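Trainee: I have not seen this structure before. Could we go through it by question and answer?

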Amino acid sequence: MLVLVAPGQGAQTPGFLSAWLDFPGVRGALEAWSDAAGLDLIRYGTEADADEIRDTAVAQPLLVAAGLASTYTLFDDPAELPRKVGAIAGHSVGEFTAASLAGVLPHEEAVRLVRTRGLAMAEAAAVTETGMAALLGGDPEVTVSHLEKLGLTPANINGAGQIVAAGTKEQLAALEADKPDGVRKVVALKVAGAFHTHHMAPAVDTLAKAAEALTPGDPQVTYVSNKDGRSVAAGTEVLDRLVGQVANPVRWDLCMETFKELGVTALIEVCPGGTLTGLAKRALPGVKTLALKSPADLDAARELIAEHA
């Protein structure tokens, strides 16, 4: 059984879209999505430097557009995806990629909505100086308890020995000075603020208003949610979860548990892949994984689809 996953913010690198533009339909799609977002996605994906694409309001629509474009180079016909993919999920903003690929939102609407998300989250992050840090190693229960004692939120519980803490700069400094037992390392992340925490509450309100104008469809492939790792069958519930997840922790560990229960045998991470396949290699032993980083990975990805679809 094949699972398709989409990465979240931080996966982007300068120029990562350049090699995809030669594929039929990709440039035209990116131009249409650029119009929807009010953002030149082609320039940001090919010419912009690391600082420009680190901007939350840019990174989020850019990642969704990259995920959508790279996925459709995998299939001769987009209608093949629901027949060949057993389940789909995305990490944080990657949930918008997954929801759109599953048929919940048309691509242009998804890119437009995620641009609103990125702008709103950047605005919320500017209110208080906050940030995020990844903790490597340690017992999850001990780590979460320690973070809560320091006033921090376990914003991403990623499984495979990785938890991301989020909070104010003062709280993160206290964490650096007082690591939980068993944690080997605390790594500050280059993000604009404490995503997936109460600091993002204003962004939830903004996103909810924008979502009122949308009519979501029900997913055409099993959609696994970051909120609790559950599969969600109603498009309205998927959209509600996309909105609320801005201020709620990402439970990627539970998503991977659901993949196990569904009988996953292979996992492909769409462009710019790497992060989620790394987690899967540690948490899902025996499952074949492939990160779609560039068009050079397409043949191997198609072989994996043929074998596990």
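Trainee: Is Ser92 buried or exposed in this model?
Mentor: The model is predicted, so the values here are computed from it. A residue counts as buried under 20% relative accessible area. Ser92 has a relative accessible area of 11%, so Ser92 is buried.

Trainee: What is the phi of Ser92, and where does Ser92 lie?
Mentor: Most residues other than glycine have a negative phi. Ser92 is not a glycine, yet its phi is positive, at about 55°. As for its place, Ser92 lies in the loop between β2 (87-90) and α6.

Trainee: Which loop holds His196, and what is its relative accessibility?
Mentor: His196 also has a positive phi, near 60°, in a residue other than glycine. The loop that holds His196 runs between β6 (183-188) and α10 (201-211). Buried means under 20%. His196 therefore counts as buried, with a relative accessibility of 2%.

Trainee: Is the peptide bond from Cys271 to Pro272 cis or trans?
Mentor: Most peptide bonds are trans. Pro272 is found in the loop between β9 (266-269) and α13 (275-283). The bond from Cys271 to Pro272 has omega near 0°, and is cis.

Trainee: How do α4 and α6 lie relative to each other?
Mentor: Helix α4 covers residues 56-72 and helix α6 residues 94-101, and their axes come within 8 Å, crossing at roughly 40°. That angle makes α4 oblique to α6. The handedness of the crossing, with α4 passing α6, is right-handed.

Trainee: Which residues of α6 make the contact with α4, and what classes are present?
Mentor: On the α4 side, the contact is made by Leu63, Val64, Gly67, Leu68, Thr71 and Tyr72. By class, the contact of α4 with α6 has six nonpolar, four polar and no charged residues. The α6 side consists of Phe96, Thr97, Ser100 and Leu101.

Trainee: Are α4 and α7 roughly parallel or roughly antiparallel?
Mentor: The axes of α4 and helix α7 (residues 107-125) come within 7 Å and cross at roughly 155°. In this crossing, α4 passes α7 in a right-handed sense. Angles over 145 degrees count as roughly antiparallel. The two helices are therefore roughly antiparallel.

Trainee: How many charged residues does the contact of α4 with α7 have?
Mentor: Residues of α4 in this contact include Thr56, Gln60, Pro61 and Val64, while those of α7 include His107, Arg115, Arg117 and Met121. By class, 11 residues are nonpolar and four are polar. The number of charged residues is two.

Trainee: Is Ala201 buried or partly exposed, and how far is its C-alpha atom from that of Ile268?
Mentor: Ala201 lies in helix α10. Its relative accessible area is 36%, so Ala201 is partly exposed. Ala201 and Ile268 are 67 residues apart along the chain, and their C-alpha atoms are separated by 32 Å.

Trainee: What is the radius of gyration of the chain, and why is the chain called as compact as a globular protein of that length?
Mentor: The chain has 14 helices and 10 strands. Its C-alpha atoms fill a box of roughly 55 × 45 × 35 Å along the principal axes. The globule rule gives 19 Å for 309 residues, and the chain comes close to that, so it is as compact as a globular protein of that length, with a radius of gyration of 18 Å.

Methods
Residues numbered from 1 in each chain as written. Predicted model: local features only at pLDDT ≥ 70, side-chain atom pairs only at ≥ 80, totals over all residues. Heavy atoms only, no water. Axes fitted to C-alpha atoms, helices over the stretch in contact; angles between N-to-C directions. Helix = DSSP H or I, 4+ residues; strand = E, 2+ residues; numbered from the N terminus. Parallel < 35°, antiparallel > 145°, perpendicular 65-115°, else oblique. Left-handed = near helix turned anticlockwise from the far one by under 90°. Contact = heavy atoms within 4.5 Å. Nonpolar A, V, L, I, M, F, W, Y, C, P; charged D, E, K, R; others polar. Rg over C-alpha atoms; globule rule 2.2 N^0.38 Å. Buried < 20%, exposed > 50% of the residue type's maximum accessible area, 1.4 Å probe, protein only.
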